[in-house]
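Hi,

Here's the structure I promised to pass along. Have a look at it in your viewer first, then read on for my notes.

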Amino acid sequence: MSKVNAEATTMLPLLKKKLAFLSGGKDRRSGLILTIPLSSDQTSMEELSATLDYLLSIPSVKCKARGFTVIVDGRKSQWNIVKTVVLMLQNVIPAEVSLVCVVKPDEFWDKKVTHFCFWKEKDRLGFEVILVSANKLTRYIEPCQLTDDFGGSLDYDHNDWLNKRLVFEKFTRESTSLLDELSIINDSDKSSTVDKEKSADLALLPSFDPETVLQTGHELLSELQQRRFNGTEGGGQGGPAWCPMDEELLAQPQVMKLLDSLREQYTRYQELCRQRNKRTQLDEIHAKVMQVVTWLQGPGSELLKTQQAIGDSMRAAQTLQQKHEEIESQHSEWFAVYVELNQQIAALLSAGEEEEVVELKALQQQLSDVCYQQAAQLECRQNVLQAAQGFHTTTQELSQLLDGLLGMLCADVAPADGASIQQNLKLLEEKLQTVEAGLTSLRQKGAQLMEQMCTQAPWPLEETESPAGEQQDNVQHIQGVMEEMQLRKQRCEDMVDVRRLKMLQMVQLFKCEEDALQSVEWLGELLDALLKTHVRLGDESQETTTMLDKHRKFVDVAQSTYDYGRQLLQATVVLCQSLRCTTRSSGDTLPRLNRIWKQFSVCAEERQQRLELALNFHTAAERVLQQECVDSESLDEVDSSGKTLLDRLTMPVIFPDGTEQYFGSPSDTAAAAECVRERLLLVEERRLQLQELGLHNEEEEDEEEEHVLNGQEARLDVIGEELSEKEDQDEEEEEEAEEEAEVEEAAGQQDEDLERVTQDC
């Protein structure tokens, strides 16, 4: 078969000349018809012989056994050429030829020569040769088996046959070669498993594409089964179907056998490729897994082992974080490879064999263990760095708070008043609380950082000496920072205690000064109330006695106020000495307090004397008015005390500095004097009554009495006028009484305030 294929490729130009052809027609014995169309040109016997050899190699042995009927078309050729061709058939296919029909031309050859020649050579040729005209050829061959050149109806296209023949031979050649190659590949892989990589590189590369060859064979077989190469040619015009290569010519079973063998070998080849691809894929996965594991356990682990520090500041921690992010970036690339490998392994596990599944699971477990261990180390390192950043940030913030607090403590305190001192003290307490909260937060962050360092996944035992020592240094550094911050905070607390005491003393100093000034103001208010409202002397002894008691209480309140102010000023002196500052207010407040107190004492003494005079007057007047027998001396005594009281009311109060001040307004003084005059008028009436009873018989006494009466009437007129004026002033006296009640109430309130302030001091 390979020889035929080689000749067909070489003879392609020769076959195109159509020196001979098998039209597919058959004689009455079912023998194939071989047509040799001779032309007017000189025919090369060598080319014709080669063509015949090729054509006679196509039919099967069974088909050849039926014999060939050869039609030599000599209508366009000479007799000697025809004769040569006939004789050549003896040499080429003597056993296969059963009949040679020489189609003679219209111009008849020499009958005697031709007949004698072929009859003479019959026994030597081994086949019968007849001369026949084209229209008589149907006596030997059916018209349907003849081409239209001989008046038959059999359709034949030599070029199309040649093309399809080449396709068949190409399929036969490629399929045979491919079968040999696939058989070698499959058998070699089955018999030997040594040097698999070389086998995979060389043996798994056939010369032809099996899919293409199979597709060509299926198309060819389909055309053979339809008994034509192309259903649109020949019979497509309504003529009889042309089948030059039926199952006897092209050996259709041979095509089917080639296809079956090719499919079988190709299936084995595909399975082999699948197994080898799977093996190759397993090897690649194993290599990638080992590559990932080697890097993670080698350079990756070394990178992490060298990064155990936590830094000594926020900037150092940030630098370590950037370095860790670079390490994470390098690991991320290998983790991406791990994810891809894990997906590939999962896909292979779903369709793998038992042995492969065990190997794949072992690889997957090894890869997962290493990746998870490395990821855990990365996560622990990230947690440590985050905790370190938080610790250093809190340390920096706490240090700034302590610096601010220390600066505030070192600054001089020069507040303007107690409110500003209270504000500064509040700010100081707030800063101290903030520092305390910052230190608490620092302890928590330090504990978290040490906990993260302790919970970090351990390295192999032979590699833990250096990281453990560095971790111990980190722990000592953390503890040292917390102890340093604790000492700084303790020093600030001690300074805060001193500053707090000083500021509280200053608050107390300002408070004492304010209260001392308030005492001066209260005492001044009491003095004003005493001079302006304490004017009335009472209308009777009982009322005067009550007013005298109230005056004593009023004086006691003033005394308490004065004593309270003195105590406050003494306290300011002590506080100023403690604070090492000069007395701020005693030089001004104390003289004011003493001056007002002296003025108050003079006024109070004058007021008390007037009340006592009024009490003596009212008591004597009431006794004279109530008794039936009264001597003149008692009446004179009442009159004398009343005049003394009236004179006292018109006198001013002289202060130690020589200034004068009257009690109340002139109207208030007149009202108080009116009450005395009314009592004097009543006493005078009493005197007249007594005189009328004792002087009835004496004329001189009558005249004198009349004279006295006239004087008394005149006095009564004056008293009447004074009474009218008194009625006008009653309303003013009521208002003054209300004001006096308010003053007394204010004095009581001041007593309570003084008691409260005294308790506070």
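This is a predicted model: local features need pLDDT of at least 70, side-chain atom pairs count only at pLDDT 80 or more; totals for chains, interfaces and linings use all residues.

**The cores.** The largest nonpolar core has 81 residues, and the members that touch the most others are Leu 405, Leu 449, Ile 478, Leu 523, Phe 600 and Cys 603. Two or more residues each come from α13 (354-410), α14 (418-454), α15 (465-533), α16 (541-579), α17 (586-626), α18 (632-649) and α19 (666-694). Of these, α15 gives the largest share, with 21 residues.

Setting aside neighbours within four places in sequence, Leu 523 is in contact with Ala 558, Thr 561, Tyr 562, Leu 593, Ile 596 and Trp 597.

There's also a second, separate core of 38 residues, with Ala 20, Leu 52, Val 100 and Tyr 156 among them.

**The strand.** Now go to β3 (residues 68-73), where six of six residues are buried. Side chains in a regular strand alternate between the two faces of the sheet. In β3 both faces are covered: Phe 68, Val 70 and Val 72 are buried on one side, and Thr 69, Ile 71 and Asp 73 are buried on the other.

As for its partners, β3 pairs with β2 (residues 32-37) in the parallel sense over six bridges, and Thr 35 sits opposite Ile 71 in β3. Strand β4 (residues 97-103) also runs parallel to β3, joined by six bridges. There, Asp 73 stands opposite Val 103 in β4.

Cheers

Conventions: Residues are numbered from 1 along each chain as its sequence is written. Side-chain values use heavy atoms; hydrogens and water are left out. A nonpolar core is a set of buried Ala, Val, Leu, Ile, Met, Phe, Trp, Tyr and Cys residues joined through side-chain atoms within 4.5 Å. Buried means under 20% relative accessible area, exposed over 50%, partly exposed in between (1.4 Å probe, protein chains only). Helices (H or I, at least four residues) and strands (E, at least two) are DSSP runs, numbered from the N terminus. Contact means heavy atoms within 4.5 Å. Two strands pair if DSSP finds at least two bridges between them.
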